[in-house]
Amino acid sequence: MPVPVPSAAPAWLTARPIAHRALHDAAAGIIENTPSAVDAALAGNYAIEVDIQLSADGEAMVFHDDTLERLTLGTGPAKTLSTAQFQALELRGTSDRTMTLDDLLARVAGRTPLVIELKSHFDGNDAVARRAVEVLAGYEGPAALMSFDPALVASVRQLAPHIPRGFTMEHRYDDPEWDFLTPETKSAWGALEPFAEMQPHFLAHYVKELPSEAVTWAQRTHGVAVLTWTVRSAQDRATAARHADQMIFEGFRP
């Protein structure tokens, strides 16, 4: 059976460099995924990448880490906090507070593209995808959803096929954070074996592992767009220019 071909990614997805976790600069008191970082990205005319995960009461919160210690004065798993507790939690180095996805959309108001990563516990629960789709239903600005979890990308395809969707990926998955995956799963994901289930409009690939045979196959065979993360150096930028349609960057201003 032939692999289904997704529709083309929208042109806005690759039109501007994408600020990783918005345009943050901790030395200047602008912390990742915060209102100040979003405002800085808007001022610089960049697209914005953010992360969302669910609070204990099911709200989509703009927050990256599974645990609280690195970014906040709290401790423990982020998923145990209610929305109110998330919003009351002090972030390190800023007076900003954590946004809900609704807060983010209201702040951006369609002025720049959003690339929203769905954080996953890889447990088969697609509630974060369902909540993101629900919130985005009332949004008229450009926004895409992506995830490292193929099951969440497939859920977005089923729930809201009109929302551009992407698979965030690596080739080898050799960082210790991926030790919970079997070698077979790492190989399958790096080779894009779940492509048919996801039918992604774009891929977001680790810049240090480009070029990739799987990415080249997807580009040439299915015309998917390719973003690359996280571009931090001149060498990364050169790799992005050769092998991707747009970069997700941090630590400098393109």
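The structure is a predicted model.

**Packing of helix 1 and helix 3**

- Two packed helices are described by the angle between their axes and the distance between the axes.
- Helix 1 spans residues 35–43 and helix 3 spans residues 101–108; their axes come within 11 Å and cross at roughly 30°.
- Angles under 35 degrees count as roughly parallel, and helix 1 and helix 3 are therefore roughly parallel to each other.
- The crossing of helix 1 past helix 3 is right-handed.
- Helix 1 contributes Pro35, Val38, Asp39 and Leu42 to the contact, while helix 3 contributes Leu104, Arg107 and Val108.
- By class, this contact of helix 1 with helix 3 comprises five nonpolar and two charged residues, with no polar residues.

- Phe249 lies in strand 9, which covers residues 246–249.
- With a relative accessible area of 1%, Phe249 is buried.
- Ala19 is 230 residues away from Phe249 along the chain, yet the C-alpha atoms of the two are separated by 5.3 Å.
- Leaving aside residues up to four places away in sequence, Phe249 touches Pro17, Ile18, Ala19, His20, Leu23, Tyr46, Thr230, Val231 and Pro254.

- Side chains of opposite charge can pair when their charged atoms come close.
- Asp51 and Arg21 form a salt bridge in which the closest N and O atoms are 3.8 Å apart.
- This pair is 30 residues apart and links Asp51 in strand 2 (residues 47–54) with Arg21 in the loop between strand 1 and helix 1.
- Asp51 is buried, with a relative accessible area of 1%, and Arg21 is also buried, at 14%.
- Arg70 forms a salt bridge with Glu32, the closest N and O atoms being 2.8 Å apart.
- Here Arg70 lies in the loop between strand 3 and helix 2, and Glu32 in the loop between strand 1 and helix 1, 38 residues apart.
- Arg70 is partly exposed at 44% relative accessibility, whereas Glu32 is buried at 10%.
- A salt bridge of 3.8 Å, N to O, joins the side chains of Arg131 and Asp102.
- Arg131 belongs to helix 4 (residues 127–136) and Asp102 to helix 3, the two being 29 residues apart.
- Arg131 counts as buried at 18% relative accessibility, whereas Asp102 is partly exposed at 37%.

Methods: Residues numbered from 1 in each chain as written. Predicted model: local features only at pLDDT ≥ 70, side-chain atom pairs only at ≥ 80, totals over all residues. Heavy atoms only, no water. Axes fitted to C-alpha atoms, helices over the stretch in contact; angles between N-to-C directions. Helix = DSSP H or I, 4+ residues; strand = E, 2+ residues; numbered from the N terminus. Parallel < 35°, antiparallel > 145°, perpendicular 65-115°, else oblique. Left-handed = near helix turned anticlockwise from the far one by under 90°. Contact = heavy atoms within 4.5 Å. Nonpolar A, V, L, I, M, F, W, Y, C, P; charged D, E, K, R; others polar. Buried < 20%, exposed > 50% of the residue type's maximum accessible area, 1.4 Å probe, protein only. Salt bridge = Lys/Arg side-chain N within 4 Å of Asp/Glu carboxyl O.
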